[in-house]
Amino acid sequence: GMNAETVVFYRFLLTSIFTGLFLTLTKNWQTVTLPQIVQLIIFGIFGFGITAQLLTLSYVYIPVGMATVLHFAYPLIVVIIMIIIFKEKPTFLKIAACILAFTGIGFMVDFKGQISMTGILYALLSAVTYSLFVVSNKKAAFCTLNPMNNIFYLSCFAAMYMGAANIPAGFISFPSNLLMWGNLIIISLLCTFFAFYTLMLGIRIL
């Protein structure tokens with residue numbers, strides 16, 4: 001019963017609260033420099049806020065399964081960014097994976113107009129913004145911070161962006177029952193807090 005803006009706003013607001021409490025209890029706060037803050041603001045808005053908003057909006061127009069598959073074109077975009085911008089070596093397997101991924105996306109796009117192109121576009125754009133976030137975790141100034149600190153700042157700036165952009169326009173509603181709050185807490189803890197923490201650790205290892 002909640003729109004995309006409401007879900008995304010509370011998702012990141014709750015994540016920033018949970019992460020802030022965890023960092024306070026474990027006394028694991030780190031000093032953040034000005035360049036790191038600037039980058040955290042940028043990628044908090046685009047990598048967290050806008051990505052989640054685009055993906056959630058795509059669910060309105062196309063089936064969740066299709067939107068999710070299209071969103072997961074982001075590894076393909078990451079490979080392209082790393083090859084073109086950061087001059088990573090283009091191996092045969094990487095090129096083959098890119099070709100197969102493009103082919104798969106082509107099969108999923110309905111050129112006859114029976115499936116909403118708006119939903120497809122939203123899902124693909126979410127892959128682009130998310131790929132920039134993934135690359136930033138390896139290349140940006142804040143990659144030296146503890147992942148938990150990163151999640152706090154990224155979630156905080158994403159929530160601030162969503163609130164500033166949507167509360168004045170009346171797009172964000174207050175959850176009216178315990179079921180809504182329960183769903184938001186689950187999304188925040190499992191799909192954001194835990195998921196992004198393990199992703200950031202993986203990016204640093206691989």
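## Reading helices, pockets and loops

Colleague: Where is T19 found?

Modeller: T19 is found in helix α1. Keep in mind that this is a predicted model.

Colleague: Is T19 buried or exposed?

Modeller: Look at the relative accessibility. Buried means under 20%. T19 has 0% relative accessibility, so T19 counts as buried.

Colleague: Which residues is T19 in contact with, leaving aside its neighbours within four places in sequence?

Modeller: Those contacts are M148, I151, F152 and F193.

Colleague: How do I read the packing of α1 and α7? At what angle do they pack, and how far apart are their axes?

Modeller: Take the angle and the distance together. Helix α1 covers residues 4–26, and helix α7 covers residues 147–166. They pack at an angle of about 145°. Their axes are 8 Å apart.

Colleague: Is the crossing of α1 and α7 left-handed or right-handed?

Modeller: The crossing in which α1 passes α7 is left-handed.

Colleague: How many residues of each class does the contact of α1 with α7 have?

Modeller: The contact has 13 nonpolar residues, eight polar ones and one charged.

Colleague: Now the empty space. How is it found?

Modeller: A probe the size of a water molecule is rolled over the atoms, and this shows where empty space is left.

Colleague: What volume does the largest pocket have?

Modeller: The largest pocket has a volume of about 620 Å³. Its lining has 26 residues. Nearest the centre of the largest pocket lie R11, L55, Y59, I187 and C191.

Colleague: Which helices each supply at least two residues of the lining of the largest pocket?

Modeller: They are α1, α2 (34–61), α3 (64–71) and α8 (178–205). The largest share comes from α8, with eight residues. By class, the lining of the largest pocket has 18 nonpolar residues, seven polar and one charged.

Colleague: How much space lies in the second largest pocket?

Modeller: The second largest pocket holds about 320 Å³. It is lined by 13 residues, and V78, M82, V134, I203 and L206 are the closest to its centre. Helices α4 (74–84), α6 and α8 each give two or more residues to this lining.

Colleague: Which element gives the largest share of the lining of the second largest pocket?

Modeller: That share, five residues, comes from α4. The lining of the second largest pocket divides into 10 nonpolar, one polar and two charged residues.

Colleague: Let us stay with α6. Is S131 buried or exposed?

Modeller: S131 lies in helix α6, residues 117–139. Its relative accessibility is 0%, so S131 counts as buried. Not counting residues up to four places away in sequence, S131 touches Y74, I77, V78 and I81. Of these, V78 is also one of the residues closest to the centre of the second largest pocket.

Colleague: What of Y122, buried or partly exposed?

Modeller: Y122 also has its place in helix α6. Y122 has a relative accessible area of 24%, so Y122 is partly exposed. Beyond residues up to four places away in sequence, Y122 touches L54, L57, S58 and Y61.

Colleague: What separates the C-alpha atoms of Y122 and T56?

Modeller: Along the chain, Y122 and T56 are 66 residues apart.

Colleague: On to the loops. What is the phi of K27?

Modeller: K27 is not a glycine, yet its phi is positive, about 55°. K27 lies in the loop between α1 and α2. Exposed means over 50%. K27 has 76% relative accessibility, so K27 counts as exposed.

Colleague: Where does K87 lie?

Modeller: K87 lies in the loop between α4 and α5 (92–108). Its phi is near 55°, a positive value in a residue other than glycine. K87 counts as exposed because its relative accessibility is 67%.

Colleague: And where is the place of K89?

Modeller: K89 also has its place in the loop between α4 and α5. Its relative accessible area is 66%, so K89 is exposed. K89 and F193 are 104 residues apart along the chain, and their C-alpha atoms are separated by 33 Å. F193 is one of the contacts of T19, where we began.

Terms used: Residues numbered from 1 in each chain as written. Predicted model: local features only at pLDDT ≥ 70, side-chain atom pairs only at ≥ 80, totals over all residues. Heavy atoms only, no water. Axes fitted to C-alpha atoms, helices over the stretch in contact; angles between N-to-C directions. Helix = DSSP H or I, 4+ residues; strand = E, 2+ residues; numbered from the N terminus. Left-handed = near helix turned anticlockwise from the far one by under 90°. Nonpolar A, V, L, I, M, F, W, Y, C, P; charged D, E, K, R; others polar. Buried < 20%, exposed > 50% of the residue type's maximum accessible area, 1.4 Å probe, protein only. Contact = heavy atoms within 4.5 Å. 1 Å grid on protein atoms, 1.4 Å probe; cavity = no way out; pocket = protein on both sides within 12 Å on 5 of 7 lines; lining within 4 Å. Points joined across faces, edges and corners; volume = space filled by probe spheres on them.
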